[in-house]
Amino acid sequence: MCGRTELGFLVYELTEACNQNCLFCYNHWRPAGCNPVDTRLARHTLRKILSQAKIGSISFSGGEPSLLGNLHDLVLKCRFAGSNVNVLTNGTLLTEADIRNFASLGIGTIQIPLLSHNCSVHDSLTRLPQSWEKARASLELALGILGADHVAAVLIVTARNASDLDPTLDLYRELGLRTIMVNRFNIGGNGIANRRELELAPDQLRTAFRCISDFSVRHPGMSFASGVCTPMCLMNPDDYPGIKFTSCTTDLRQRPLAISASGDVRFCNHSPFVLGNIYQRPLREILEDESLIARYTGVPQECSACHLYPRCKGGCRAASEQLYGSFSRIDPIAETLLAK
Ligand code: SF4
Ligand code: SF4
């Protein structure tokens, strides 16, 4: 019996269910509907994961993780196993008691989307009335209880909220936020059907990121990070010094994998492709499977001669899997670029 495999980072999707139905939601299952919350399954699978892997940091995601009544027990299990825990929530269901519990459990970061300074823009994106008030209230509570080092706002940049970013960025500062995750709309899930109204033209996307980068440079106490890989021929990180761009490795042992409550292992939370299931095969074996590793070695045709490929990797190719059913194709956002 081998020891537990070591993972730096894992996204654990506790449930497919969500009380919102965001226009941009990239969950691959959402357009077809989702399985209901299953608290026992989520707990059982977490136990299985922790028996197979030693994990540096686990992000609880979904769907909406706070739909689970036993969320704090699950956080506690991870903390006992020595893992840092982050909670990625829409913030609409959290109570003060929930956040105080997170504080006592030593949670890492709680991430809550606040998509605009304008409540009707936010609510039109989440398709849940009053979600803006609730998300904002949860951010304020979390900032007061956990402190700014443990709270991040999430901004998904779409055609609906990109035209007046300055007041949104000012709101983050007024609330006392210091960490903002800023991701461009990445096609997948609900976003496939809503692409035309959410996707920005290349120059609009660059203008939006320039605005965020400039704001960040003016406010050095705040940090902005972008976690969705983007083709560098569309947006070169070097042009946005105020934003920290993360890159995406194809090494299965080194990257942030996603595991669902049913035990399915995927390349990331954007990818729909199931590498294997931990109830059928140990995680270590899945990650060492040569045929699966080979799946991620192809280079998109458009990128074959590009010197930027080692850094860029053709953008987010989990989005290519969602749209084209293939990891070997360039990020679909490049279509927009190449069409210009
Ligand atoms: S993006 Fe998040 S909050 Fe919105 S529907 Fe998807 S899981 Fe729910
Ligand atoms: S690697 Fe591909 S997507 Fe990235 S900059 Fe080069 S051509 Fe564009």
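Reply: Gln52 is buried, with 20 other C-beta atoms within 10 Å. A residue counts as buried if 20 or more other C-beta atoms lie within 10 Å of its own, as exposed if 12 or fewer do, and as partly exposed in between, the C-beta atoms being placed from the backbone.

The model is predicted: local features need pLDDT of at least 70, side-chain atom pairs count only at pLDDT 80 or more, and totals for chains, interfaces and linings use all residues. Residues are numbered from 1 along each chain as its sequence is written, while chains are lettered from A and ligands numbered from 1 in the order in which they are written.

Gln52 belongs to helix 1. Helices (H or I, at least four residues) and strands (E, at least two) are DSSP runs, numbered from the N terminus. With its neighbours within four places in sequence left aside, Gln52 is in contact with Arg4, Thr5, Ile278, Pro282, Leu283 and Arg284; contact here requires the C-beta atoms of two residues, placed from the backbone, to lie within 7 Å. By contrast, 38 Å separate the C-alpha atoms of Gln52 and Arg195, which are 143 residues apart along the chain.

Helix 1 as a whole comprises residues 39-52, and at 1.5 Å a residue these 14 residues should span 20 Å; the C-alpha atoms at its ends are 20 Å apart, which agrees. The expected span is 1.5 Å times one less than the number of residues in the helix. Together with Gln52, the buried residues of helix 1 are Ala42, Thr45, Leu46 and Ile49. Seen down the axis, these buried residues fall within an arc of 130°, so they line one face of helix 1; the arc is that of the directions from the helix axis to the C-beta atoms. Arg40 and Ser51, on the other side of helix 1, are exposed.

What lies over the buried face? The cover of the buried residues of helix 1 includes strand 1 (5-13), strand 2 (53-61), helix 2 (71-80), strand 9 (257-260) and helix 10 (283-287).

After helix 4 comes Arg127, whose phi is positive, near 60°.
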